[in-house]
Every structure is written in structure tokens, then in C-alpha cells.
Amino acid sequence: KNVTITSANPDDPEIVAATIIDCSGTVNRGVYFARNAGPGAVLNGITIQNGVWTALPPDPGIYDGRHIAGGGILVGFQSSPTIKNCVIRGFRLTGGNAVPGPGADGDDGGFALGAGIYCCQESAPTIINTLITDCHVVGGNATSGVSVSPGNPTATPPVPASPVSGRGGWGGGARGGGVYIA
């Protein structure tokens, strides 16, 4: 669908600065362009700001941290919207932390991708005269692997020996503080 969201005067920086989508205290990104949105889906002269989110903990039985993407704007699969004369600022995304699993190996932290704009696969947005500033991504923490241990049979309760060691998990990646293109 062709839809334009615009400020009263997208060519006036003072009007753009005063036309705000403020994401403070919310759990959703500023703007989401759904799958197959075309160039007639236009965002013009808007400031999108202040999103600080951490991925949710993993579901029971899952130990790797969750991924998180697209703080200010998420451009959906095969979308090609037009973003112009906008300001995207003050977003921080943190990938989910891993939780210790039952195996010897550690579990992996979640990725954080595209705090300002995240572009899904096969998307092709047109971004014109848009400032993206103060946007940061931080990967989630991994868990350590099990260390070889001689145990302690005299402890109460006794600690069994652990002859198996495992690798530590991978810390979550952090890519595209401003823009990430999948």
C-alpha cells in the first residue's frame, strides 16, 4: 500500500526535530515496513528516537541467547520503502545472554543487529538525507564450558569428578549500530 507519513515541512530541520516518534518506555521499534512494502511507502521528515532494549531470555530448553534487530526502523523482507529527511537517534540494542545448559560446552550469546535501521534479506530501501546518530549494538554474553575437575569426595555433599571439559560459548555478535543489511 502506498502510504506517506510526513512532518508538516520535511525540508525544515526544526520541524523534523519537533516531529518525533519517541520509543522511550516501549517494547517495539519505531517503524516497521512490512514485507513487500514498495517505494510508495514513504517516511519523510520524522525524528525517531530513544529505544533501549535487551532481547528476552531464551525459552525453557533453549540455552543460547536470543537475537534482536531493528531499533529505529525494521525494513521487512522484500520491502523497498523510501526513507528521507529523517533523524534516527539514541537506540541501543543488546543481544540476549545465554543460560547454562546441560552439556559440557558453553552456550552462545545472542546477536544485536541494526540499532538504527535493520534491512531484512532481499530488501532495498531508498534512504535519502537521513541522519543516524548515537545508535549502538552490544552482543549477548555466552556461558563458560565445564572444566575438568578432580572432584572432592570429602565435601558435604560429595562433589563427583568431572573428566569431561567443554568449550566456552561464543559471545553474541554486534553488527550495524547505525544500519545493518542482511
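**Close-up views of a predicted model**

**View 1. Cys120 and its closest cysteine.** The sulfur of Cys120 lies 8.0 Å from the closest cysteine sulfur, that of Cys119, which is too far for a bond. A disulfide is a pair of cysteine sulfur atoms within 2.5 Å, and the structure holds zero disulfides. Cys135 is in no disulfide either, as the nearest cysteine sulfur, in Cys23, is 11 Å away. Cys120 is buried at 18% relative accessible area (buried means under 20%, exposed over 50%, partly exposed in between, with a 1.4 Å probe and protein chains only). Cys135 is buried too, at 11%.

This is a predicted model, where local features need pLDDT of at least 70 and side-chain atom pairs count only at pLDDT 80 or more, while totals for chains, interfaces and linings use all residues. Residues are numbered from 1 along each chain as its sequence is written, and side-chain values use heavy atoms, leaving out hydrogens and water.

**View 2. Trp53 meets Phe91.** Rings of Phe, Tyr and Trp (its six-membered ring) pair if their centres lie within 6.5 Å; planes under 30 degrees apart are stacked, over 60 edge-to-face, the rest tilted. By this rule there are two aromatic pairs. In the Trp53 and Phe91 pair, the centres are 5.9 Å apart and the planes at 45 degrees, so the pair is tilted. Both residues are buried.

**View 3. Tyr118 meets Tyr180.** Here the ring centres are 5.6 Å apart and the planes at 10 degrees, so this pair is stacked. Tyr118 is buried at 13% relative accessible area, whereas Tyr180 is partly exposed at 21%.
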